[in-house]
Amino acid sequence: MAFNNDIRNVYQKELADIRAAGIFKEERVICSPQDSEIDVEFPAGASRKHVINMCANNYLGLSSHPDVVEAARKGLDSRGYGMSSVRFICGTQDIHKELEGKLSKFLGCEDTILFPSCMDANAGVFEAVLNEQDVMISDRLVHASIVDGMRLCKAKTDTFKHSDMGHLEEKLQLHAEARVKLIITDGAFSMDGDLARLDQVVTLAEKYNALVFVDDSHASGFIGKTGRGTHEHCGVLGKIDIITTTLGKALGGASGGCVSGRRELVEMCRQKARPYLFSNTIPPVVVSGAIAVLDIISKTTERRDKLERNTAFWRKGLTEAGLIIKEGETPIVPVMLFNAKLSQAFANELYGEGIYAVGFFFPVVAKGQARIRTQLSAAHEMHHLEKALDAFTKVGRKFDILHKTKQEIIDQYGM
Amino acid sequence: MSEIKNTILDYVKKEYLEEDDDREISFDTPLISGGIVDSFSMVSLKRFLETKFTIQIPDAKASPEAFDSVDNIIRLLEEFNIR
């Protein structure tokens, strides 16, 4: 047996080191559908608790929407459970093509290719469209999946300071000789909730003859007046060359992702992107649910409008209560606590008050930037948010951090 | 030599630290293994050195170890007779 005690000890020690460093991740078991109210068993074996969920990516509240569930059920009945194939052998159904068409229309792009996840889309797209004559210039705070995708690609790499357009321009000048210069950014940044300055990015791209890539996973469906995404919000619909996004957040929340963009670039992905070529097609039940999601949000902006109202209420409420939040306009609202242990203690107290939210600290965010990331949903009703606000205020008072400055909180609790 | 060291240190601070980043960087601070310069961003440092000192650093010599501190970079430059 190769996995002998010596080998086992190696891994047990490594896991013990992760625990000792305080970064061991534990799953919280949810015993209900995803929604604004959920039943949670945490820690493992504890009795179930009914809590308000403030940390899901369920921005539009469609994860358990009856119309989406019904559409998924119909898809299961009419197209089966699985396809037992990758897309290009015998895994492409009519509904896959229908969903790709609807995504292209919704995102304002020429074409779309589905991937098993946006992680897979980001892992595959750069290698498929770029080679060693090209350069990828990325914002320094892009999502981990983009970092992994860039590692798999032979093109040169460079970075620019977060949302720093002057620095990006310097980099475009530095790499003027590259065949293709690809500017890479998130649309909405998942930890701070801020939006990329896509209007300025596009202006620079046009000036220096570069292409633009945006991962809009935390924006598709609700950012912009009709929810098309960050490019709509910034007035540059049709000017983004590659958009990757997920079906695993606002757009139904199940799984799946895509690359949308210029026809030739999408076709390159069909020919060369390895996560597309070598992993199974998205199951019909998920495709059918996602089609229903796009139909719902293409018909009315009701849900994204409600999310916008909820976000405004929540941001104003937290600020008036005396908590420090990251300024912005997205439904990602980080409550800044700066100290890692405080963020954990704060989250535990909230859980005691029936509010489910998670503390983030180094290495997920920079040292001294610990926070509780709250996320709003169109599934939240006013009574949910009022109760959550009361709980944040009560716990904030308990830790004596209301109406305190960043420095005062750091002086009290350390970095 | 101290002028060259300071020039490189100034560049590293300007290029890799955000405005609100108050980390102290000195000549022996680990840049890459210390998480200040990621592997994607090394190219700027290489290009800066090549332009500033009119040299060509072969990719084989532009290793994360060679760029891991200002002191290491100085040792690399010595191979190009820059002192």
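Here is a short walk through a predicted model, from its scores to its two chains and where they touch.

**Before you click anything.** The model scores pTM 0.93 and ipTM 0.82.

**Stop 1: chain A, by domain.** Colour residues 26-55 together with 302-413 of chain A, and you have domain 1.

**Stop 2: where the two domains meet.** Domain 1 of chain A puts 13 residues into this contact, and domain 2 of chain A puts in 14. Staying on the domain 1 side, select α13 (302-321) and β11 (332-338) of chain A: these are the elements that give two or more residues to the side touching domain 2. What kinds of residues make up that side of domain 1 of chain A? Six are nonpolar, four are charged and three are polar.

**Stop 3: chain B.** Switch to chain B and colour by confidence. Its average pLDDT is 88, and 99% of its residues score at least 70. Now pick out helix α3 (residues 70-78) of chain B, where confidence is highest at 93, then helix α2 (residues 42-53) of chain B, where it is lowest at a mean of 89.

**Stop 4: where chain B meets chain A.** Show both chains again. Here six residues of chain B are in contact with nine residues of chain A. The chain B side of this contact splits into two nonpolar, two polar and two charged residues.

Key. Residues numbered from 1 in each chain as written. Chains lettered and ligands numbered in written order. Predicted model: local features only at pLDDT ≥ 70, side-chain atom pairs only at ≥ 80, totals over all residues. Contact = placed C-beta atoms within 7 Å. Nonpolar A, V, L, I, M, F, W, Y, C, P; charged D, E, K, R; others polar. pLDDT = per-residue confidence, 0-100. Helix = DSSP H or I, 4+ residues; strand = E, 2+ residues; numbered from the N terminus. Domains from an automatic or database assignment.
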